[in-house]
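Visitor: Hello! Could you walk me through this protein, one step at a time?
Guide: Gladly. Here it is.

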Amino acid sequence: MYNSKSSLLLLLLFLINSFIFFCNADSGAKCSNTSSLIGFESNFTMVQHQLRGHFKILDDCSFQVSRFDMLSGSSDIVFWGAVAFDFSNITRGFPISDHRLNQTTYKNASFSIQLLPNVTWDQIKVLSVWDVTTLSDFGHLTLPSNGSDLYPSRVHTMFDNCKNLSGNYRVRWSLNVEDNWIEIGLEAATKTMNYMAFGWANPNRTKELMLGADIAVAAFTEEGRPFVDDFYITSYSECMLHGKDGSAVGVCPDVVYENTTNGMTLNNTKLVYGHRRDGVSFIRFRKPLNSSDDKYDLPVNPTEEMTVIWALGLMKPPDTIRPYYLPQNHGGPMMVAYGHLRLNASENVDDCFGPLDADDKQDQDLIIASAKVPLVVTTGEALHYPNPPNPSKVLYINKKEAPVLRVERGVPVKFSVQTGHNVALYITSDYLGGNATLRNATETIYSGGPEAEGVMASPYELVWAPDRNTPDQVFYQSLYQPKMGWRVEVVDGGLSDMYNNSVFLDDQQVTFFWTISKDSISIAARGEKKSGYLAIAFGGEMVNSYAYVGWIDNAGKGRLNTYWIDGKDASNVHLTNENLTHV
């Protein structure tokens, strides 16, 4: 009797086996093992989208990627090859595989990739994860030439171990007991002006673990430079100096407690690397397991379970009284803003599944245009351009590198173009600029063009009036070179429409607005700097002045207090109860 079900099952098994055989035969027939690069391994250097991963060449036409993390991107992300890493060469590169990394967040993923039939390893000197649409490098690595150097350069974002401290804060580390050091990477989805603290508690304490703790505090300066300092905690307070004898108490850098004339190096943390990417701070540093400073440093036993403490909070920049960056009280709930745990540094740990995903990924400065004051456009060195790779020179507005520019519909924007005669400014719908029509792309030009170029001695004044037909997002760019400018946010009405007068303060970092009526004055202040607060004071000088201080509290609510200042110390700032309305 004919059994249709059995026949169908046999046919299905035959097709499955044939398909598996076909796939194996296809890859085996085409992939030889002649390249000197076979077996080469390296880690990807993170550039954007929190990309991490390990790379290995398997044979002449395939490679393996493992431990791969990446935040989701556009619909056109590929593995990309180039002959060199400079801007010109990498943007003229080529896809090396038909595999797409499309709109997916990768979390510790592993997969193998086939090269395209016409691609060989000797054609590739730089391998990148590349967004074709925006010419964006998410991460890359360099292949050695002719197998001459099979030892890849060090990648600072990869470690042997990783531990989640909270939902948005991690510690990574690699240990070298023989050479007496541990390298630590602190990583947090936090604001630019916040610190990351991590260290070892005094092993003799079972409560109040901060007291006597040896911690490292890592952060970024206002200019975006990473740093790390060695701290010792003597009390639950911010660092305070006593005027009479100069002694210090609180959470203070080791160097504050005593000077270094005795030959003892008190800051035993050594910065290795740091960056801000996608709203995430990352700082790597090295410290000895046992240092020569037995007064303020605690020995770390690499094979023993010890208590470590950690915190996140606002960093106070140096001032004339205290020339150090000092962490402020972390506040917040336990296991969110601070905490502790038991840790054995020699045990292999990796509970960090996937990349940190910050709520606010935008780190670029924000410039808000005013109808009364022109925006000064210049060129300068590319230090923190938001969409790498990029040319060596990019556009600056009011001394800020490629900031986000916010304009208001119906309010004319004046640009004082001082970019040089070889850079012409224009406002375009195209993400990249550089005259998109030459790339066979369509674009709408809203203002500017070949004539919008000038120098400081004879600037060109460009006036642009965004209207109700202007999209919410356009771009300021160079007409002749792509990827020199950045985004323009187009919004409806704002402060410049609400007040009769305005003036720039603090080298164009603060805009002060006011309107005087019969018996009152209405004021507003807007700060461009990333800071914990914004203060405006009235008086002949700081002493004997009235100050208005605004800030955002931990709940995200705007706050404002008034003060009378009669000296230059914190004790001379007195809270007042001025009659304010419409705050």
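Visitor: What is the volume of the second largest pocket?
Guide: Keep in mind that we are looking at a predicted model, and that this value is computed from it. For the second largest pocket, the volume comes to about 440 Å³.

Visitor: Which residues that line this pocket are the closest to its centre?
Guide: The lining is made up of 25 residues. Of these, the closest to the centre of the pocket are Met 210, Tyr 236, Ala 311, His 330 and Tyr 338.

Visitor: Which strand gives the largest share of the lining of the second largest pocket?
Guide: Strands E13 (194-200), E14 (214-220), E21 (306-316) and E23 (338-343) each supply at least two residues of that lining. The largest share is 4 residues, and the strand that gives it is E13.

Visitor: How many cavities of 30 Å³ or more does a search of the whole structure find, and what is the volume of the largest?
Guide: A cavity differs from a pocket in that a 1.4 Å probe fits inside but cannot get out. The search of the whole structure finds 2 cavities of 30 Å³ or more.

Visitor: Which domains each give at least three residues to the lining of the largest cavity?
Guide: The residues that line this cavity include Arg 52, Arg 67, Asn 108, Asn 161, Cys 162 and Arg 172. Strand E4 (62-70) and strand E10 (161-166) each supply at least two residues of the lining. By domain, at least three residues come from each of domain 1 (40-142) and domain 2 (161-344).

Visitor: How many charged residues does the lining of the largest cavity have?
Guide: Sorting by class again, this lining has 4 nonpolar and 2 polar residues. The charged residues number 5.

Visitor: Which residues line the second largest cavity?
Guide: About 30 Å³ of space lies in this cavity. By class, its lining has 3 nonpolar, 2 polar and 3 charged residues. They are Asp 230, Asn 268, Lys 287, Pro 288, Leu 289, Ser 291, Asp 297 and Leu 298.

Visitor: How far apart do the C-alpha centres of domain 2 and domain 3 lie?
Guide: The domain assignment gives domain 1 (40-142), domain 2 (161-344), domain 3 (366-491) and domain 4 (495-576). Between the C-alpha centres of domain 2 and domain 3, the distance is 41 Å.

Visitor: How far apart are the end C-alpha atoms of residues 38-144?
Guide: In an unreviewed entry, UniProt places the feature "domain: DM13" at these residues. The span is 5% helix and 53% strand. Its end C-alpha atoms are separated by 11 Å.

Visitor: What about Val 417: how far is it from Pro 374 in space?
Guide: Val 417 lies in strand E29 (residues 413-417), and it counts as buried because its relative accessibility is 0%. In sequence, Val 417 and Pro 374 are 43 residues apart. In space, C-alpha to C-alpha, they are 9.5 Å apart.

Key: Residues numbered from 1 in each chain as written. Predicted model: local features only at pLDDT ≥ 70, side-chain atom pairs only at ≥ 80, totals over all residues. Heavy atoms only, no water. 1 Å grid on protein atoms, 1.4 Å probe; cavity = no way out; pocket = protein on both sides within 12 Å on 5 of 7 lines; lining within 4 Å. Points joined across faces, edges and corners; volume = space filled by probe spheres on them. Nonpolar A, V, L, I, M, F, W, Y, C, P; charged D, E, K, R; others polar. Domains from an automatic or database assignment. UniProt positions renumbered as here; feature names shortened; annotations may be inferred. Buried < 20%, exposed > 50% of the residue type's maximum accessible area, 1.4 Å probe, protein only.
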